[in-house]
Amino acid sequence: TLENSLRVDKGCKIIFPNAFQPDVSGPSDGHYDMSNPSTKIFHPVHTGVDEYVLEIYNRWGELIFRTEDINRGWDGYHKGSLAKMDVYVWKVSGRCANGRSITLSGDVTLYR
């Protein structure tokens with residue numbers, strides 16, 4: 001028994017938007033700045049995430065984007081061309097700094 005003990009867990013949060021408007025001037029490397037609220041790149045707001053895989057699928061189940069870098073999001077381009085305005089499915093798996101597993105999925109609307 002530990003009396004007067006304190007346990008601190010490092011927080012873990014990951015939240016995705018449900019829509020974004022890519023930059024029509026051309027593809028980017030997908031890297032984003034968390035302090036910039038731009039909606040040009042689909043990416044999460046996150047804290048305490050150690051391992052991360054993001055996958056984006058079109059409505060036919062074709063994988064069109066994948067990254068293991070949490071600081072890189074989807075810029076709305078596929079094979080150098082702007083993806084069409086549509087709803088896409090995203091899946092995330094990973095691990096928090098506190099050891100908890102992450103498995104999330106949802107959809108995002110790409111609009112112009």
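Me: Let's start with polar contacts. What does the side chain of Glu 55 make a polar contact with?

Reply: The general idea first: a polar contact is a pair of N or O atoms within 3.5 Å; within protein, one must be able to donate a hydrogen and the other to accept it, and residues adjacent in sequence count only if both atoms are side-chain atoms. Here, the side chain of Glu 55 makes such a contact with the side chain of Tyr 57, at 2.6 Å. Keep in mind that this is a predicted model, in which local features need pLDDT of at least 70, side-chain atom pairs count only at pLDDT 80 or more, and totals for chains, interfaces and linings use all residues. Residues are numbered from 1 along each chain as its sequence is written, and side-chain values use heavy atoms, with hydrogens and water left out.

Me: Thanks! How do I read pLDDT, and what does the chain average?

Reply: pLDDT is the predictor's confidence in each residue, from 0 to 100. The chain averages 91, and 91% of the residues score at least 70. Among the elements, strand 3 (residues 45-47) has the lowest mean pLDDT, 93, while strand 5 (residues 63-67) has the highest, 98.

Me: You mention strands. How many helices and strands does the chain have?

Reply: Helices (H or I, at least four residues) and strands (E, at least two) are DSSP runs, numbered from the N terminus. This chain has 0 helices and 9 strands, so you can read the order of elements from the N terminus as β-β-β-β-β-β-β-β-β. Along its principal axes, the C-alpha trace spans about 60 × 30 × 20 Å.

Me: Back to Glu 55. Where does Glu 55 lie, and is Glu 55 buried or exposed?

Reply: Glu 55 lies in strand 4 (residues 49-57). Glu 55 has a value of 18%, so it counts as buried. Across the chain, buried residues make up 36% of the 112 residues.

Me: Which residue forms a salt bridge with Glu 55?

Reply: Side chains of opposite charge can pair when their charged atoms come close. The rule used here asks for a side-chain nitrogen of Lys or Arg within 4 Å of a carboxyl oxygen of Asp or Glu, and the count comes to 4 salt bridges. Glu 55 pairs with Arg 66, the closest N and O atoms being 3.3 Å apart. That pair links distant parts of the chain, with Glu 55 in strand 4 and Arg 66 in strand 5, 11 residues apart. Arg 66 is partly exposed at 40% relative accessibility.

Me: Which residues are linked with Glu 55 in a network of salt bridges?

Reply: Glu 55, Arg 66 and Glu 68 are linked in one. Arg 66 and Glu 68 meet through their side chains at 2.9 Å, N to O. Glu 68 is exposed, with a relative accessible area of 55%. Another of the salt bridges joins the side chains of Asp 86 and Lys 84, at 3.8 Å, N to O. Asp 86 is buried at 11% relative accessibility, whereas Lys 84 is partly exposed at 44%.

Me: Now the cysteines. Which residues form a disulfide?

Reply: A disulfide is a covalent bond between the sulfur atoms of two cysteines. In practice, look for a pair of cysteine sulfur atoms within 2.5 Å; the count by this rule is 1. Cys 12 and Cys 96 form the link, with sulfur atoms 2.0 Å apart. Cys 12 lies in the segment before strand 1 (13-15) and Cys 96 in strand 8 (residues 86-96), so the pair ties together parts that are 84 residues apart in sequence. The link of Cys 12 and Cys 96 is left-handed, with -65° about the S-S bond, and both cysteines are buried.

Methods. Buried < 20%, exposed > 50% of the residue type's maximum accessible area, 1.4 Å probe, protein only.
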